[in-house]
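Q: Hi! Can you walk me through this structure?
A: Happy to, let's look at it together.

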Amino acid sequence: MEDSRNTSGFLRDHNYSTEADIISTVEFNPSGELLATGDKGGRVVVFQREQESKNQPHRRGEYNVYSTFQSHEPEFDYLKSLEIEEKINKIRWLPQQNAAYFLLSTNDKTVKLWKISERDKRPEGYNLKDEDGRVRDPATITTLRVPVLQPMDLMVEASARRVFCNAHAYHINSISINSDGQTFMSTDDLRINLWNLEVTDSSFNMVDMKPVNMEDLTEVITNAEFHPQHCNTFAYSSSKGSIRLCDMRDAALCDKHSKFFEEPEDPSNRSFFSEIISSISDVKFSHSGRYLMTRDYLTVKVWDLNMESKPLETYQVHDYLRGKLCSLYENDCIFDKFECVWNGSDSVIMTGSYNNFFRMFDRNTKRDVTLEASRENSKPRAVLKPRRVCVGGKRRKDEISVDSLDFSKKILHTGWHPSENIIAVAATNNLYIFQDKIN
Amino acid sequence: MDVTAEAKQIMVQALGKMYSSRSQRGGLRLHRSLLLTLVMKSARDIYHSARLMSEKSGQSVTEECTSHTQEPMDTSSSTATPLRETSGQSSEDGQRSGLEGHPHPLNPAADKENCGPSRPDRHSRKRRSKTATDSDFIPCKKAKLECAEVRGVLQNSSANCGRALDSLSLVPMPRTIVTF
């Protein structure tokens, strides 16, 4: 098997696709029928699950491309002389209300609401123009008819319905749609703003962490999310490793938190890089709304909303990297922001790692597994083989040593179907979809 | 001594990362700049406390200086290469950072001897002025910390560091803080 990883030859491993194809976000819609990905080039690709058919049972529920559109373009801020990247930082789906699908996509500065709809009929039989669209000479028109809708090949259209801009001085890191279905929030390094989906020219600031003197800055906001059921509650994580829960009913400005979650630092683990590795890169409420999950550089933690002093559970993602922090700082990997996801029943959590590995932790059995997303291992209907990293001493046959890990192959973004065991894993510019099939 | 050398290397790399990020696409990344600043402060505190302890134990400071002068030149040139290589790899948040308006803790003049080969400002679209070349990789527009501010910064970073550095805050720091 692939025991020895080639870490020295970057070009050899690189498959010559452009940087614009690097996937930057992955998100299932609430029903799981659609899967959206955003990339560095500002594009959104939406996949749709095939209807299960009796004729082809082995193709049950595969995801195919449904729609592709350019969501964001690079822009230039002339005032600050800065380029605004078109990279899609986050995509969030709105709950479906009619035949059309709606999603929010954001880059560093602007959030857009996109409508994705199908067109399978078109009107034919106009009076003033012929079938090619050319205008007819009115003198030749002797009768009138009513245009009728005729079936046509299915076309999926994406149109930008709202553009929410000019509200963030810093880079947007997350967006979250409220359970009320009418509002959403956008979060940058220092501020969280609340929007109404119908109103683009104003937003309300809810949290402002900007100090009077920027030299006094010690903490930034890294992520924020609304509670899945309570429309008045949201949580935001910080670079210091803390999470604050806020109640919007307390005050218009939610600078004072209602709950503060932080685990005291273990002094024996203190190093130069303690601040960097304790910064939270992702925060996700469980589907039940009872728990919060956070991801920092080396661990995933599950918090009970009723206990602020310490997490309920802590899972080591790749603790073997603790002794390598200096090298990871040197090659910038220590700044990588990994995301984490819950499965539909909140019993399993998943997050990515390096070497195209991703990890799953079963909260009930306390078992965990490391899997790899790679072309060699992912033939259709192949069973994924668990991987093991050798942490020291003798390396067994199937293990891979820490020094052989390829740190350019990182899995930062993953998604889990809301109800079934289907996962989407983004490995640089490739998307892997794995399904759990019981034979 | 290992701690001192490691602290110094970390500081040099942090400066290099912060400077190169100023010319990256998408502008300065606040979060990344903040983390780099914290690391640098942490490393600087440890470096100073380690030096203080070695001074107290009667070791010659000048010996240390001469043995280390060649080192930083190597580290600064070696950091240049990995940064260039990884700019293609770590494309996600890459090297876009920089704390706007953050006062530079180190005196540019003192660091000149450590810069080694002057790095040409490849990525900047601005015309290369005299000042840009003079300051090597330390931007000279940054404010220089005065005595009192230095003490204040050290006190604050002592808190971040989680170490008892009470003695450090009482030592009057000269203008040129770090002499390698």
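A: Let's begin with strand β12 (residues 183-187) of chain A: five of its five residues are buried, so β12(A) is largely enclosed by the rest of the structure. Keep in mind that this is a predicted model.

Q: Which residues of β12(A) are on one side and which on the other?
A: T183(A), M185(A) and T187(A) are on one side, while F184(A) and S186(A) are on the other. Both faces are covered, as these residues are all buried.

Q: How many bridges join β11(A) to β12(A)?
A: Four bridges join strand β11 (residues 174-177) of chain A to β12(A), and the two run antiparallel. To find one bridge, look for S176(A), whose partner in β12(A) is M185(A).

Q: What's in the hairpin of β11(A) and β12(A)?
A: There are five residues between the strands. Take a look at G181(A) in that hairpin, which takes a positive phi near 75°.

Q: And what about β12(A) and β13(A), how many bridges there?
A: Five bridges pair β12(A) with strand β13 (residues 191-196) of chain A, in the antiparallel sense. These strands form a hairpin too, with three residues between them. F184(A) has W195(A) in β13(A) as its bridge partner.

Q: New topic, the sheets! What is the strand order in the open sheet with β7?
A: The order is β7-β8-β9-β10 in chain A, four strands with antiparallel pairing. The edge strands are β7 and β10 (148-164) of chain A, and each of them pairs on one side only. From one strand to the next, the twist averages 25°.

Q: Is β7(A) covered or uncovered on its faces?
A: Both faces of strand β7 (residues 90-93) of chain A are covered. On one side you'll find K90(A) and R92(A), on the other I91(A) and W93(A), and all of them are buried.

Q: What joins β7(A) to β8(A)?
A: Four bridges do, linking β7(A) to strand β8 (residues 101-106) of chain A in an antiparallel arrangement. Across from W93(A) stands L103(A) in β8(A).

Q: Which residue does L103(A) stand opposite in β9(A)?
A: That one is W114(A). Between β8(A) and strand β9 (residues 111-124) of chain A there are six bridges, and these strands run antiparallel.

Q: What is the order in the open sheet that has β1 of chain A?
A: It goes β1-β2-β3-β4, again four strands, with antiparallel pairing. At the edges stand β1 (23-28) and β4 (63-70) of chain A, each with a single partner strand, so one side of each is left without a neighbour in the sheet. The twist here averages 20° from one strand to the next.

Q: How many bridges join β3(A) to β4(A)?
A: Seven bridges join strand β3 (residues 43-49) of chain A to β4(A), and the pair runs antiparallel. One place to look is V46(A), whose bridge partner in β4(A) is S67(A).

Q: Let's jump to chain B. How many helices and strands does it have?
A: Chain B has seven helices and zero strands. Along the sequence the pattern reads α-α-α-α-α-α-α. Of its 180 residues, 51% are buried.

Q: How do α1(B) and α2(B) pack?
A: Helix α1 (residues 2-21) of chain B and helix α2 (residues 30-56) of chain B pack at an angle of about 155°, with their axes 8 Å apart. An angle over 145 degrees counts as roughly antiparallel, and α1(B) and α2(B) are therefore roughly antiparallel to each other. Their crossing is left-handed.

Q: Which residues of α1(B) and α2(B) meet?
A: Among them are V3(B), A7(B), I10(B) and M11(B) in α1(B), which take part in the contact with α2(B) residues including L36(B), V39(B), M40(B) and Y47(B). By class, the contact has 14 nonpolar, three polar and five charged residues.

Notes: Residues numbered from 1 in each chain as written. Chains lettered and ligands numbered in written order. Predicted model: local features only at pLDDT ≥ 70, side-chain atom pairs only at ≥ 80, totals over all residues. Heavy atoms only, no water. Buried < 20%, exposed > 50% of the residue type's maximum accessible area, 1.4 Å probe, protein only. Pairing = 2+ DSSP bridges. Axes fitted to C-alpha atoms, helices over the stretch in contact; angles between N-to-C directions. Parallel < 35°, antiparallel > 145°, perpendicular 65-115°, else oblique. Left-handed = near helix turned anticlockwise from the far one by under 90°. Contact = heavy atoms within 4.5 Å. Nonpolar A, V, L, I, M, F, W, Y, C, P; charged D, E, K, R; others polar.
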